[in-house]
Amino acid sequence: MIEEDLIFIDSTFDTKDDIFNFVADKVLEKNYINSKEFFLKSLYDREEVMPTSFDFNIAIPHAKSNAINNDFIAFLKLKRPIIRNENDNDSTDKIFLIAVTSEGSDRHLRYIANLSKKIINDDFRRKLENLDSVQAAYDLFNQI
C-alpha cells in the first residue's frame, strides 16, 4: 500500500503544515488527489476532531475525501522531530499519512489498525528508527 515514491527519508520540515503541503504537492503531481485545497481541508478537519499523534514519536494523520482519487499511504522519517500539536508539545519524527477515497468506507480504520499493531511491536519500531533509505523502508512496509 505504501509506494516507493511516497516514502521520504531524512526530510526536514518545521511544522505539520509544511509536511501536509509537501505531501499534497507530491500526490497531486501523481494524480492521487484532484484538489490540493480540498485534500488539505480534509486533513485539517480530521486533525480538529482529534490530533492524530501516536506514542513513540509517530503520527498517523488521515483523511477521507472526494478530493482523493486513489487510496495511498505516505511515510516520512524526519531528520529532527517537529512539534505536531502546539497545545500539548507533542513531537514526532515519523509520519504515516493515510488517505482514502470518499467511497472508501472505513478502509482508513483498517489501515490504521494494521499499522498500530506493528507500531506497538518493539522490533518494528526499532527498524523504523534505523531506516536509512527509501528501499529499506519499502522492504519493511511490504512485510505489513
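Here, buried means under 20% relative accessible area, exposed over 50%, and partly exposed in between (1.4 Å probe, protein chains only). This is a predicted model, where local features need pLDDT of at least 70 and side-chain atom pairs count only at pLDDT 80 or more, while totals for chains, interfaces and linings use all residues. Residues are numbered from 1 along each chain as its sequence is written, and side-chain values use heavy atoms, with hydrogens and water left out.

**View A. Lys 41 pairs up with Asp 45.** Their closest N and O atoms sit 2.7 Å apart, forming a salt bridge (a side-chain nitrogen of Lys or Arg within 4 Å of a carboxyl oxygen of Asp or Glu). The two are 4 residues apart in helix α2, so about one helical turn separates them. Lys 41 is partly exposed at 44% relative accessibility, and Asp 45 is partly exposed too, at 39%. Helices here are DSSP runs (H or I, at least four residues), as are strands (E, at least two), numbered from the N terminus.

**View B. Arg 80 reaches Asp 14.** This salt bridge has its closest N and O atoms 3.0 Å apart. It ties strand β5 to the loop between β1 (7–11) and α1, with the partners 66 residues apart in the chain. Arg 80 is partly exposed at 38%, whereas Asp 14 is exposed at 53%.

**View C. Lys 77 is buried without a salt bridge.** Lys 77 belongs to strand β5. Asp 10 has the nearest side chain of opposite charge, 4.9 Å away (Lys and Arg count as positive, Asp and Glu as negative; His and the chain ends are not counted).
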